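Subject: Structure handover

Hello,

Please find the structure below, followed by notes on what was found in it.

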Amino acid sequence: AALEDPRVLYADNHLLVVHKPAGWHTQPNVARGTGGADAKCLLTHLSGPSRRLGGGSAGDFLLPLHRIDQPCTGAVALGKTGKAGTRSVLLFSLLSCPANKFTPEVWAVFAAPRCH
């Protein structure tokens with residue numbers, strides 16, 4: 001069965017947030033027995049030459065800031081630059097501190113993934 005295509009939820013010069021449908025790997029995974037890259041890789045799909053959704057001069061730099069398991073669906077954030085990746089990880093660590101609260105806007109983008 002064909003996989004649903006990922007959808008861009010948000011994009012700017014530093015950050016890309018996409019909806020990852022169930023069935024896609026967030027990060028590259030070598031297909032068993034083939035020795036090649038898995039065709040269901042979200043990162044490979046988004047940074048392909050025809051899409052140019054990433055950062056850098058070639059439009060192919062994307063750094064996953066977290067992952068969602070293959071059978072789950074939800075929002076995945078990717079940094080388009082190394083600096084964006086570093087700052088996002090710092091932001092996530094600050095937001096996860098019990099003294100900090102998620103705002104409704106943050107919950108809207110980083111809603112809990114649903115597994116099928």
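**Salt bridge and buried lysine**

The structure holds one salt bridge, that is, a side-chain nitrogen of Lys or Arg within 4 Å of a carboxyl oxygen of Asp or Glu. The model is predicted: local features need pLDDT of at least 70, side-chain atom pairs count only at pLDDT 80 or more, and totals for chains, interfaces and linings use all residues. Residues are numbered from 1 along each chain as its sequence is written, and side-chain values use heavy atoms, without hydrogens and water.

The bridge joins the side chains of E4 and R7 at 3.6 Å, N to O. E4 is partly exposed at 44% relative accessible area, and R7 is partly exposed at 43% (buried is under 20%, exposed over 50%, partly exposed in between; 1.4 Å probe, protein chains only).

K80 lies in the loop between β4 and α2 (82-95); helices (H or I, at least four residues) and strands (E, at least two) are DSSP runs, numbered from the N terminus. K80 is buried without a salt bridge, and the nearest side chain of opposite charge, D12, is 5.9 Å away. Lys and Arg count as positive, Asp and Glu as negative; His and the chain ends are not counted. The K80 side chain does reach the backbone oxygen of D12 at 2.9 Å and that of L53 at 3.3 Å.

**Nonpolar core**

The largest nonpolar core has twelve residues, among them L16, W24, I68 and V76. Such a core is a set of buried Ala, Val, Leu, Ile, Met, Phe, Trp, Tyr and Cys residues joined through side-chain atoms within 4.5 Å.

Regards

Terms used. A polar contact is a pair of N or O atoms within 3.5 Å; within protein, one must be able to donate a hydrogen and the other to accept it, and residues adjacent in sequence count only if both atoms are side-chain atoms.
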